[in-house]
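Let's take a friendly walk through this model together. Please have the sequence and the 3D view open as you read.

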Amino acid sequence: MTRRPATRSGNVRALQRSPGWLRSGQKVTVTFRKLDVGGSAVGSAGPHAVTVPFAAPGESAVIEIVRGGPDPVGKIVSLLRRSPYAQRPQCRHFGVCGGCQWQHLGYESQLQHKTALVREILAPALGGVSTIVRDAVGSPPWAYRDRLQASVAMRGERLVAGFHVSGGDLRVINVRECPIQHSANVGALEATRAALVDLGWPVFDPATGRGLVRGFIVQYAPHSGEVMVVLSTVRDVPDRMAVVRAMLDGIPKLRSL
């Protein structure tokens, strides 16, 4: 008798039934040993490697599995031991906002772990010799980003502008501060949000295809102090000079729109 090859759907069902895998909702105790390229901490629960966002190497915690299967992801339920690398994040949005993933670590620790990641990734290509990769040098840890990309959305009757929630969530956080962005970018974010509210231009809704504004980009020039704003819209705006006047009032060094 000829054995029929397994179908793709059959393979998926077999994988979902694989014994020993961690299941969604299951609680386990994990000690984190390193970070992955996305900034999530990696720990072991028996033979399984589990990633947990916003945890730190050296921490032990009880976690709940939020995504089971071959690449499980968890969230911290209770912290059993605090990492020596941990620090208090400066931003009130951290842990919810998807804009950055490393603020809970001291800056020197960030550099050490980023160096370790590069060495680990390149080691196979370098014949196992990872010491060729020099230590990360870094830059000022705060107010260093000169480019800001914001999304807009409606929260009830109110227009909000900022960054998406972490984890692929499409909800938008109404950002009022961002310590890793230059203050000129944060000011331009505030001014652009206010201008869009005053103009009354509708936010684009991908579900219905209606609306106008998708988001905007702010670019700050450190040497000149000038600011550029790029509006993302689905069609031409109804009154270009109206938006120019509204933006100039709130961004004195606006040079391009």
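Two strands count as paired if DSSP finds at least two bridges between them, and the elements themselves are DSSP runs numbered from the N terminus, with helices being H or I runs of at least four residues and strands being E runs of at least two. What you see is a predicted model, in which local features need pLDDT of at least 70 and side-chain atom pairs count only at pLDDT 80 or more, while totals for chains, interfaces and linings use all residues. Residues are numbered from 1 along each chain as its sequence is written, and side-chain values use heavy atoms, with hydrogens and water left out.

Let's begin with strand 9 (residues 213-220) and strand 10 (residues 227-233), which pair in the antiparallel sense over 7 bridges. Here glutamine 219 stands opposite methionine 228 of strand 10. Now widen the view: 6 strands make up an open sheet of mixed pairing, in the order 8-7-6-9-10-11. At its edges are strand 8 (172-174) and strand 11 (254-256), each of which pairs on one side only. On average, neighbouring strands of this sheet are turned by 40° against each other, direction ignored; the axes are lines fitted to C-alpha atoms, for helices over the stretch in contact, and angles run from 0 to 180 degrees between N-to-C directions.

Which helix packs on the sheet? Helix 3 (residues 183-199) does, touching strand 6, strand 7 (158-164), strand 8, strand 9 and strand 10. Contact here means heavy atoms within 4.5 Å. The direction of helix 3 makes about 150° with that of strand 9.

Next come the charged pairs. Side chains of opposite charge can pair when their charged atoms come close. The structure holds 8 salt bridges, each defined as a side-chain nitrogen of Lys or Arg within 4 Å of a carboxyl oxygen of Asp or Glu. In one of them, the side chains of arginine 176 and glutamate 190 meet at 2.9 Å, N to O. This pair links distant parts of the chain, 14 residues apart: arginine 176 is in the loop between strand 8 and helix 3, and glutamate 190 is in helix 3. Salt bridges with shared partners join Arg176, Glu190 and Arg193 into one network.

Another salt bridge joins arginine 119 to aspartate 135, with the closest N and O atoms 2.9 Å apart. Because arginine 119 lies in helix 2 and aspartate 135 in the loop between helix 2 and strand 6, the pair ties together parts that are 16 residues apart in sequence. Arginine 119 is partly exposed, at 25% relative accessible area, whereas aspartate 135 is exposed at 55%. For these labels, buried means under 20% relative accessible area, exposed over 50%, and partly exposed in between (1.4 Å probe, protein chains only).

Helix 2 (residues 107-122) also holds isoleucine 121, which counts as exposed because its relative accessibility is 53%. Isoleucine 121 belongs to a nonpolar surface patch with Val37, Val118, Leu122, Leu126 and Ile132, with about 530 Å² of accessible area together. Areas come from the Shrake-Rupley method with a 1.4 Å probe, and for residues only the protein chains shown count as cover. Patch members have over 30% relative accessible area and no salt bridge; like charges are joined within 9 Å, and nonpolar side chains (Val, Leu, Ile, Met, Phe, Trp, Tyr) within 5 Å.

Finally, have a look at two loops. Phenylalanine 54 is not a glycine, yet has a positive phi of about 65°; its place is in the loop between strand 3 (48-52) and strand 4 (60-67). Alanine 143, in the loop between helix 2 and strand 6 (147-155), has a positive phi near 55°.
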